[in-house]
Amino acid sequence: MRRKAYISAVAHYVPPKILTNFDLEKMVDTNDEWIRTRTGIKERHILEPGKATSDMAAEAVKNLCERRGIDPMEIELIIVATVTPDMFFPSTGNLVQEKCGAKNAWSFDVAAACSGFIYALSVGTQFIESGRHKKVVVIGSDKMSAITNYRDRNTCVLFGDAAGAVLLEPTEEEEKGILDFMLFSDGSGAEYLLMKAGGSLYPASLETVANDWHFIYQDGKSVFKFAVTKMAEVAVNILEKNNFSGKDLTLFIPHQANLRIIDATVKRLGIDYDKVMINIDKYGNTTAATIPLALSEAYEQGKLDKGDLVLFATFGGGFTWASSLLKWGLPKP
Ligand code: UT7
């Protein structure tokens, strides 16, 4: 029997402060109707000043350990997917390790924008499958409000702050565990979705600040076209590769960037909406956090039971896109 990784706990953290579409109407030339019909978003959560990505991640890990009934000292590895690290270095993983008292864990970050969580999950899975570790925490956490320009209506309506985390442990049971990943990159898409400055190419200067290069830039239309095609493709292909079809799925958990992109993927999969987890209306696009946040809410809402087939699919800056297929390993809460 193959040694697999399974998700033995899931948890999330969302900051309490809410920014609604009506709040945004007072900040930029936009309106609730445009935002809802073009994106599906009604509100998003914003982290308070003085707090960072690692604070949300550490809260999610504390919830995770409580749910699994373990001491953070038992964690062996922490992987954080983020595009909004607290700082360049040390890694956000290092800061989370300290904040949640996981003194025995080593830690690092993975940068793959909205595909970050699935990329990081694939890395964590390797450490379980190889037998190297027995308890690996994989986190998606982003404080998107830190890099969002609230004078730019093209982007400021889209993003929110949140963290989600899973615990990976080994299993040899047939009816549970992570079955497969499909992971892709295409660097020719870099120019369509990026934060231009603050790195080694354009270190912070008066000019980079004046040009708004420390904020997210997105050519929405170009990203949309690529996202619609690739997210559907990667979702359908991983099912086919593993001899499943849409009708075998219990739950599809897509990256929450735009309801219209989710709709297109759902059509390609040929599944009903009661098999799709959607919470973009409440949180907007929380980048690396969307999938673990949606998974955590789905589990809390009793949408998942042991042995259920679950599909994740995502698309993001880079370009990057990815999917993962798993058999859920926990009974209903
Ligand atoms: O998670 C990472 C991957 N990211 C994505 O997957 C995002 C992909 N892109 C999208 O989701 C969509 O392209 C957006 C939601 C970003 C934009 O929707 P769109 O339907 O592509 O709109 P658009 O950019 O083509 O803009 C249509 C019109 C424009 O006006 P004109 O030129 O037709 O007069 C925009 O200026 O809507 C205008 N517009 C707005 N109007 C009101 C753009 N943003 C806003 C706004 N409120 N917030």
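A: A polar contact here is a pair of N or O atoms within 3.5 Å, and within protein one of them must be able to donate a hydrogen and the other to accept it, while residues adjacent in sequence count only if both atoms are side-chain atoms. This is a predicted model, in which local features need pLDDT of at least 70 and side-chain atom pairs count only at pLDDT 80 or more, whereas totals for chains, interfaces and linings use all residues. Residues are numbered from 1 along each chain as its sequence is written, and side-chain values use heavy atoms, with hydrogens and water left out.

With that in mind, a polar side-chain atom of lysine 221 lies 2.3 Å from an oxygen atom of the ligand, and asparagine 258 likewise places a polar side-chain atom 2.7 Å from an oxygen atom of the ligand. Threonine 30 instead has a polar side-chain atom 2.6 Å from a nitrogen atom of the ligand. Taken alone, the ligand exposes 950 Å², of which the protein buries 75% (accessible areas come from the Shrake-Rupley method with a 1.4 Å probe, and for residues only the protein chains shown count as cover).

The shell around the ligand holds 23 residues, and those that come nearest are Thr30, Arg38, Lys221, Asn258 and Asn285; a residue is near a molecule or strand if one of its heavy atoms lies within 4 Å of it. By type, the shell divides into ten nonpolar, eight polar and five charged residues, where Ala, Val, Leu, Ile, Met, Phe, Trp, Tyr, Cys and Pro count as nonpolar, Asp, Glu, Lys and Arg as charged, and the others, Gly among them, as polar.

Two or more residues of the shell come from each of helix H2 (32-39), helix H6 (153-156), helix H8 (220-241) and helix H9 (259-269), and H8 gives the largest share, four residues. Helices (H or I, at least four residues) and strands (E, at least two) are DSSP runs, numbered from the N terminus.

Finally, the setting: the protein is divided into domain 1 (4-171) and domain 2 (177-327), with bounds from an automatic or database domain assignment. Because both domains give residues to the shell around the ligand, the ligand lies between them. Across this boundary, 53 residues of domain 1 are in contact with 48 residues of domain 2, contact meaning heavy atoms within 4.5 Å, and the C-alpha centres of the two domains lie 14 Å apart.
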